[in-house]
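Subject: Handing over the structure

Hi,

Here is the structure I promised to pass on. Have a look at it first, and then read my notes below.

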Amino acid sequence: MAIRIATWNINIVRARADIVEQFLRDSRPDVLCLQETKVANDTFPHGMFDALGYTHRILNGQRMHHGVATISRVPLDGAWRYDWQDNGEARHIGVRLPGGVILENVYVPAGGDVADREVNPKFGQKLDFVERMTRWSAGLREPAVILGDFNVAPLDCDVWNHKALRDVVSHTQIEIDALSQLQQSHDWVDLARQFNPAPEKFFTWWSYRNTDWRLSDRGRRLDHIWCSPSVAKVATAFEAIKDARDWGKPSDHIPQIVTLDL
DNA sequence: ATGGCTGGTAGAACCAGA
């Protein structure tokens, strides 16, 4: 059975009703993992998803900040939520897909402005979050997909200008090393790069502050879909919907979709 | 040209995003 799984940092789900609907009508993924929903669970916009047939929803939201949601038109089994910062922020949901593979939807902390945990506690929290994820991942024994906004662009070709960004949070060596440790802990396969190998440039986020984001193309690849080696063997297609960066009032991130023949 | 924008909240000469 083929299942298509999407991830999208939606940057406030209630502000994006029109483009979420456009995406679901056009692309029809089976499962959509959202990050930065920025809405409490009791005010989540359920109606728009029901109307499109996405009747299975697992939420981990909070008012104003962070928040993830896993939304599906196929039944999901189980739900678990990890707090890798141990500070109550809503940044993770795990579910089990039909067929048994688990799906982990994560919003890694952005990490603030300064790449120094002594002067910027948010940067330390980001590194600690990834380190705790790594400990969890090292003990994981079942086939899995882990995806979402990891807020790290690891490769030189994951940013518009490697030299210009090497001291900028999201592309510093210490973050890249932390993400590499996480990846090695389960031999996670980076599906975007399986289908679009380096050194091809590949971005998933462009700042709102570029007046012509497509022309200046100052992007970064912050959003990722990783999977266990056994799952990577049955990944048959990968799409990034770059046009979504121009839809209506857009998110600054674009959706990506993987097809798995489970 | 790393903030030039955006949305939400509060009623800000603000905050966070990354």
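Before you start: this is a predicted model, where local features need pLDDT of at least 70, side-chain atom pairs count only at pLDDT 80 or more, and totals for chains, interfaces and linings use all residues. Residues are numbered from 1 along each chain as its sequence is written, while chains are lettered from A and ligands numbered from 1 in the order in which they are written.

**The overall picture**

Chain A has 8 helices and 14 strands. Both are DSSP runs numbered from the N terminus: helices are H or I with at least four residues, strands are E with at least two. The C-alpha atoms of chain A fill a box of roughly 45 × 45 × 35 Å along the principal axes. A compact globule of 262 residues would have a radius of gyration near 18 Å, and chain A agrees with that at 17 Å. (That radius is taken over C-alpha atoms, and the globule rule is 2.2 Å times the number of residues to the power 0.38.)

How much of chain A counts as buried? The share is 41% of the 262 residues. Buried means that 20 or more other C-beta atoms lie within 10 Å of a residue's own; 12 or fewer makes it exposed, anything in between is partly exposed, and C-beta atoms are placed from the backbone.

Now for contacts, meaning two residues whose C-beta atoms, placed from the backbone, lie within 7 Å. Among contacts in chain A between residues at least 6 apart in sequence, 67% join residues at least 24 apart.

**The core**

In soluble globular proteins, nonpolar side chains tend to be buried together. Here the largest nonpolar core has 61 residues, and Ile5, Leu32, Leu34 and Val145 have the most contacts inside it. A nonpolar core is a set of buried Ala, Val, Leu, Ile, Met, Phe, Trp, Tyr and Cys residues joined through C-beta atoms within 7 Å. Click on Ile5 and look around: setting aside residues up to four places away in sequence, Ile5 touches several others, including Leu103, Val145 and Ile257.

**The sheets**

An open sheet of 6 strands runs in the order β5-β6-β7-β8-β12-β9, with mixed pairing. Its edges are β5 (77–80) and β9 (189–190); each has a single partner strand, so one side of each has no neighbour in the sheet. Strands pair if DSSP finds at least two bridges between them.

β8 is mostly covered, with 6 of its 6 residues buried. With β7 (residues 102–107), β8 pairs in the parallel sense over 6 bridges, and Val106 has Gly148 as its bridge partner there. With β12 (residues 223–227), β8 pairs in the antiparallel sense over 5 bridges, and Leu147 stands opposite Ile225.

Elsewhere, β14 (residues 256–261) runs antiparallel to β1, joined by 6 bridges, with Arg4 partnering Thr259. β14 also runs antiparallel to β13 (residues 235–240), this time with 5 bridges, and Phe238 partners Val258.

Which two residues does a cis peptide bond join? They are Ala198 and Pro199, with omega at about 10 degrees. Pro199 sits in the loop between α6 (191–195) and β10 (205–206).

Asn11 is not a glycine, but has a positive phi of about 50 degrees; Asn11 lies in the loop between β1 (2–9) and α1 (17–27) and counts as buried, with 20 C-beta neighbours inside 10 Å. Met64, also not a glycine, has a positive phi of about 80 degrees. Met64 lies in the loop between β3 (56–60) and β4 (68–72) and counts as exposed, because 9 C-beta neighbours are inside 10 Å.

**Around the DNA**

DNA strand B is surrounded by 26 residues, and the closest are Ala15, Ala110, Ser170, Tyr208 and Lys249. Near means that a residue's C-beta atom, placed from the backbone, lies within 6 Å of the strand. This surface divides into 10 nonpolar, 7 polar and 9 charged residues.

Cheers

Technical notes. Nonpolar A, V, L, I, M, F, W, Y, C, P; charged D, E, K, R; others polar.
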